[in-house]
Amino acid sequence: MNIMYKTMTLSIAISSALFMSSCATTTPAPAPPEPKLATAPKYAVLFTDNVRIEAVGLNWKMTPNTPTTPPKFYDATLIGDGNLDTPGTVFPTSIYDGDYESLPYFMKDKAIDVLIHVNARKKPLYGKIIFMTVRDSTPDVSAKRMWSVAIPSEYIRIADSGSMSVVYQPYKYSNSRNLDIASWVLHMSALPF
């Protein structure tokens, strides 16, 4: 009986030690959240009174001075925040000055096909608009708050002639070169593309 008592005591002591050691092990702390590099504004607002933008194949439109949420946007952080001297990390606004076809394929995937209805025109202009996240490093707080879309009349005239017209909203990327990058880009023309 004495042996049995000692065996039980030893067994309880081992069990207690194992239980206490399992309680004493610390679970690793959760990894800190990834730093946020960019913000997708909640709304887009069209500030051109005689224009209406309507998505093709999607139930979405922009009317003057009415906040709307775009159906999709391009996450600009996918191209990284790295060294601004490294090609392909951040696109300066000069990339948008060319033809729509010259844009990188991963940006074109997020383009929304649109028709741009101008009050003075019988037929709408064809367009593709890309909304992009806005870098948190920008000092331009309004660029992070909303996509402000405005289409100057001279760009409508260029598109009306059949040429490609490109409009975008630049904002300052906070860096030593004070680089301008775009929060949205609209390509438009009287001819389909």
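Which residues does Thr 68 touch, not counting residues up to four places away in sequence? In this predicted model, Thr 68 touches Lys 42, Tyr 43, Ala 44, Trp 60, Lys 61 and Met 62.

**The chain as a whole**

- The protein chain holds 4 helices and 10 strands.
- Read from the N terminus on, its elements run α-β-β-β-β-α-β-β-β-α-β-α-β-β.
- Of the 193 residues in the chain, 34% count as buried.
- Among contacts with a separation of 6 or more, 64% come from residues 24 or more positions apart.
- The chain exposes about 11500 Å², and carbon and sulfur atoms supply 59% of that area.

**The open sheet**

- Six strands make up an open sheet, with antiparallel pairing and the order S4-S3-S5-S6-S10-S9.
- Its edge strands are S4 (61-62) and S9 (165-172), each of which pairs on one side only.
- Helix H4 (residues 153-160) packs on this sheet and touches S3 (51-55), S5, S6, S9 and S10 (180-189). The direction of H4 makes about 145° with that of S9.

**Strand by strand**

- S5 (residues 112-118) and S6 (residues 125-131) run antiparallel and are joined by 5 bridges. To find this pairing on screen, look for Val 114, whose bridge partner in S6 is Gly 127.
- S6 also pairs with S10 in the antiparallel sense, over 6 bridges. Here Ile 130 has Val 185 in S10 as its bridge partner.
- S10 pairs with S9 as well, over 7 bridges and again in the antiparallel sense. Lys 172 stands opposite Asp 180 of S10.
- Because 9 of its 10 residues are buried, S10 is largely enclosed by the rest of the structure.

**Aromatic rings**

- The chain has 3 aromatic pairs.
- Trp 60 and Phe 131 are both buried.
- Phe 73 and Trp 147 form a tilted pair, at 6.2 Å centre to centre and with 40° between the planes.
- Phe 73 lies in the loop between S4 and helix H2 (105-108), while Trp 147 is in strand S8 (residues 146-149), so this pair ties together parts 74 residues apart in sequence.
- Ring pairs link Trp 60, Phe 73, Phe 131 and Trp 147 into a cluster.

**A charge over a ring**

- Lys 128 lies over the face of Phe 193, at 5.6 Å from the ring centre.

**Back to Thr 68**

- Thr 68 lies in the loop between S4 and H2, the loop that also holds Phe 73.

Methods:
Residues are numbered from 1 along each chain as its sequence is written. This is a predicted model: local features need pLDDT of at least 70, side-chain atom pairs count only at pLDDT 80 or more; totals for chains, interfaces and linings use all residues. Side-chain values use heavy atoms; hydrogens and water are left out. Two strands pair if DSSP finds at least two bridges between them. Helices (H or I, at least four residues) and strands (E, at least two) are DSSP runs, numbered from the N terminus. Contact means heavy atoms within 4.5 Å. Axes are lines fitted to C-alpha atoms, for helices over the stretch in contact, and angles run from 0 to 180 degrees between N-to-C directions. Rings of Phe, Tyr and Trp (its six-membered ring) pair if their centres lie within 6.5 Å; planes under 30 degrees apart count as stacked, over 60 as edge-to-face and the rest as tilted. Buried means under 20% relative accessible area, exposed over 50%, partly exposed in between (1.4 Å probe, protein chains only). A charge sits over a ring if NZ of Lys or CZ of Arg is within 6 Å of the ring centre and within 35 degrees of the ring normal. Accessible areas come from the Shrake-Rupley method with a 1.4 Å probe; for residues, only the protein chains shown count as cover.
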